[in-house]
Amino acid sequence: MTLRYESHELALAVADLLARPDDPGLPMRQPWWRQSLALGVPGIALLHVELAAAGLRPWQRAHDWLAAATGGPVTTGPDSHPFHGAPALAHVLTCAATQQPGAYARALDDFDRAIAADARRRVAAAQARIDVGELPALAEFDAIRGLAGVGSYLLRRAPDGEALAAVLGYLVRLAQPLRAGSEVLPGWWTGSGPSGRADSRFPGGHGNNGMAHGIAGPLAVLALAALRGIVVDGQTASIAAICAWLDRWRHDSTTGPLWPYWITRPQLRADRAEAHRAQRPSWCYGTAGLARAQQVAALALNDPVRRAGAEDALVRALADPRQLAATTDASLCHGHAGLAHIAHRVAADALPDTAERLRTSVLRLLGTLDPRDAGPRGTAAALLAAGPGLLEGAAGVALAALSCSNAAAPASSWDACLLTAPPAYPLT
């Protein structure tokens with residue numbers, strides 16, 4: 001199954017249905033809406049920025065949505081994070097400024113100062129926590145709320161700055177073992193459940209492997225920085241240590257390698273855990289996100305065996321009927337659009353034979369976005385019923401469809417917030 005039209009036409013149809021931020025059907029009066037990259041205005045603005053950069057729609061639409069995002073007080077400091085407040089808005093403005101040099105310079109300078117100061121505060125708190133032997137919260141280090149996401153932004157905007165060096169130094173230390181009572185745990189082991197809250201189903205906490213909330217996010221940031229020649233003491237060893245952890249828990253099934261979403265304390269003690277064979281291979285958790293993180297890590301380590309293994313893992317996951325059947329929606333976060341986008345990104349950096357197989361999978365995955373052959377407009381309307389946002393809504397699906405098309409903006413880095421952007425994405 002493939003789309004019967006160019007995938008960028010779906011992106012255009014979604015954007016046209018989301019042309020105006022003052023549309024009365026949108027929750028503009030909700031406090032979270034204006035600052036949420038995951039669900040609200042910044043994610044929609046990102047779609048309009050990408051279409052404008054590709055010359056497919058006017059910049060005025062992008063400016064209107066950016067004005068809506070920045071038209072009120074912006075959350076900074078402890079209540080902000082990569083997907084809410086200053087870092088979220090700064091990411092979108094940075095994408096716009098990459099295509100329009102000099103635009104939004106004053107706002108970005110203000111955001112940069114606030115984000116760098118907050119990064120230093122977060123790192124200091126995290127280092128103090130490690131010093132006394134406490135376990136971290138997921139929100140301390142993950143891609144969505146934590147220092148992995150902050151590090152991705154700093155890598156783009158201030159690669160030579162002290163704040164990024166501090167974040168990388170912290171991520172290096174995060175990868176080192178931490179003693180908790182009589183046991184030695186991975187440094188990213190958290191005492192909570194995967195939700196970030198106490199959970200009786202996870203006695204003794206868990207070690208999270210995912211890209212969104214687990215150790216794959218720090219792995220990707222450490223590797224992306226190394227590929228740009230930005231290396232702090234212990235960084236290469238930490239990349240290798242995280243890869244060794246993933247190797248330890250890889251389950252080699254008949255349909256390819258699988259990784260558990262997380263490891264529980266009893267599984268750690270038993271040194272045994274198997275991934276569920278029908279788990280979805282998504283960005284947030286699963287083979288797609290882990291394959292991309294390990295591919296970039298392999299490039300950083302100059303490890304051709306790991307590179308080939310990571311790329312093959314994604315090829316095989318996308319050919320596994322059980323894993324694909326577990327993928328039941330269109331979303332960027334954990335649906336077919338996200339799989340297509342990651343397959344497209346991995347293919348761009350893959351060995352030639354593997355790249356061709358992945359591109360075939362991309363076409364098939366794009367076809368699942370329009371199972372009833374409703375056309376771009378009908379499919380866009382159906383996607384909007386699930387919400388307009390980036391991670392689980394129509395804007396994210398549209399961005400993925402656009403990125404997989406020949407009409408995408410060159411050297412785009414809109415997905416730097418997902419830690420899946422090309423290793424050579426442009427600095428600003």
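Helix H16 (352-367) has 16 residues, which at 1.5 Å a residue should span 22 Å, and its end C-alpha atoms are 23 Å apart, which agrees. The expected span is 1.5 Å times one less than the number of residues. Helices are DSSP runs (H or I, at least four residues) and strands are E runs of at least two, numbered from the N terminus. This is a predicted model, in which local features need pLDDT of at least 70, side-chain atom pairs count only at pLDDT 80 or more, and totals for chains, interfaces and linings use all residues. Residues are numbered from 1 along each chain as its sequence is written, and side-chain values use heavy atoms, with hydrogens and water left out.

**Helix H16**
- The buried residues of H16 include Thr 354, Leu 358, Val 362 and Leu 365; buried means under 20% relative accessible area (1.4 Å probe, protein chains only).
- Helices H1 (7-17), H13 (304-317), H14 (321-325), H15 and H18 (394-403) pack against the buried residues of H16, where contact means heavy atoms within 4.5 Å.

**Aromatic pairs**
- There are 7 aromatic pairs in the structure; rings of Phe, Tyr and Trp (its six-membered ring) pair if their centres lie within 6.5 Å, with planes under 30 degrees apart counted as stacked, over 60 as edge-to-face and the rest as tilted.
- Trp 188 and Trp 245 form an edge-to-face pair, because their ring centres are 5.3 Å apart and their planes are at 90°.
- Trp 188 is in the loop between strands S2 (183-185) and S3 (206-208) and Trp 245 is in helix H10 (residues 235-249), so the pair ties together parts 57 residues apart in sequence.
- Trp 188 counts as buried at 3% relative accessibility, and Trp 245 is buried with a relative accessible area of 7%.
- Phe 202, Tyr 261, Trp 262 and Tyr 285 are linked into a cluster by ring pairs.

Notes:
Buried means under 20% relative accessible area, exposed over 50%, partly exposed in between (1.4 Å probe, protein chains only).
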